[in-house]
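I opened this entry to keep track of what I looked up, element by element. The notes follow the order in which I went through the model.

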Amino acid sequence: MSNIRENDFSRIDLNLLTVLLVLHREGSVSRAAEKLHLGQPAVSGALARLREMFHDPLFVRTARGMTPTPRAESLVASLLPMMEQMQQLLFQAPSFSPVQDRHLFRLGMSDWLESWLMPDLLARIARAAPGVNLQVSATDPFKDVDQVQEDKVDVAISVGESGAAGLIRESVTQMRFCTLWHPGQLRLSTPISIDQFVAHDHLLVSYRGSSQSMLDEQLALQGRERRVRYVTPHFSSLPLILSQVPALATVPQGVAAGWINHYGLNSTETPVTLTAFNLSLLWHKRRDNDPALQWLLVQLRAVMGG
């Protein structure tokens, strides 16, 4: 927009350019008037204004009809693709073809959500949309609103509950917690009791570095407490640590299934009452009519809800 001089356009009736293109195609004022559903005097008047605008006759009468001048030929060669593009922009609804289009989607999520969600999502998208690429940015419940508002991601997969003006949050599914350990480090049978739970060390994921969580609040209501030996903002290190340290880790059930299979961990229902949490999709209202984003949201709902 910095190179456009708005005052130049105020002197131009863009309808005249349509007359120019139709005159060039039809080679006749009467036929052009018929195509444009105008009277011949109106088309003749438009041609007079075009000649004044471009300081050129544009069309001259010959035995073969209205023959364009070199200036008219040059104008039509430049204007025709521009007018076709403008027509498509103004009158054709945007569309997205996953089979044909190339597109980059930016997703925001934490590391455990990535390990839980992305293998199935990427496999699904690779089959359905060969030209689509995905880029994941690390986020967490305290950052995802800002990431979406600042257009750093197209959609965030969020466990938070906060919102903001202009954002859409859609709850897709709920998930509970479970407690994990490695049988080579701790010999426990399931389900474990609350006494066993507080008797062992714990690993804790905290995005803000806190050594307590809502689990500790529930324990305190029962006059209990646990020892948190290790705090990290990342889930990815936990199964490796559990394989070498006699400790417990309470994590979302979604990530636990993969860890049990790959790392030989044991799982039990957490012996403390913890409410299920929502898994949501978070995107900006200004993107709500974007057909590409709507297609991605359908894929995310299918994988998250499945």
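I began with strand β7, residues 177–181, and found it joined to β11 by four bridges, with the two strands running antiparallel. This is a predicted model, so I read every value below as computed from it.

I then followed the chain out of β11. Thr270 sits in the loop between β11 and β12, the latter covering 277–284. Is Thr270 buried or exposed? Its relative accessible area is 8%, which is under the 20% cut-off, so I logged Thr270 as buried. Which residues does Thr270 touch, once neighbours within four places in sequence are left aside? I listed Phe177, Cys178, Thr179, Phe197, Leu215 and Thr250. Among these contacts, Phe177, Cys178 and Thr179 fall within the residue range of β7, 177–181.

I moved to the annotated region. The unreviewed UniProt entry places the feature "domain: HTH lysR-type" at residues 12–69. In the model this span is 60% helix and 14% strand, and its end C-alpha atoms lie 21 Å apart.

Within that region I checked helix α2, residues 15–26. It has 12 residues and reaches 17 Å from first C-alpha to last, close to the 16 Å expected at 1.5 Å a residue. I marked Leu16, Leu17, Val19, Leu20, Leu21, Val22, Leu23 and Glu26 of α2 as buried. An α-helix has 3.6 residues a turn, so residues three or four places apart point the same way. What do the buried residues of α2 pack against? I found α3 (29–36), α4 (40–54), β1 (59–62) and α5 (70–91). After α2 comes Gly27, and I noted its positive phi, near 70°.

Last, I looked at β1 again, this time for its strand partner. β1 pairs with β2, residues 65–68, in the antiparallel sense over four bridges. The two strands form a hairpin with two residues between them. I recorded Gly65 in β2 as the bridge partner of Thr62.

Notes. Residues numbered from 1 in each chain as written. Predicted model: local features only at pLDDT ≥ 70, side-chain atom pairs only at ≥ 80, totals over all residues. Heavy atoms only, no water. UniProt positions renumbered as here; feature names shortened; annotations may be inferred. Expected span 1.5 Å × (residues − 1). Buried < 20%, exposed > 50% of the residue type's maximum accessible area, 1.4 Å probe, protein only. Contact = heavy atoms within 4.5 Å. Pairing = 2+ DSSP bridges.
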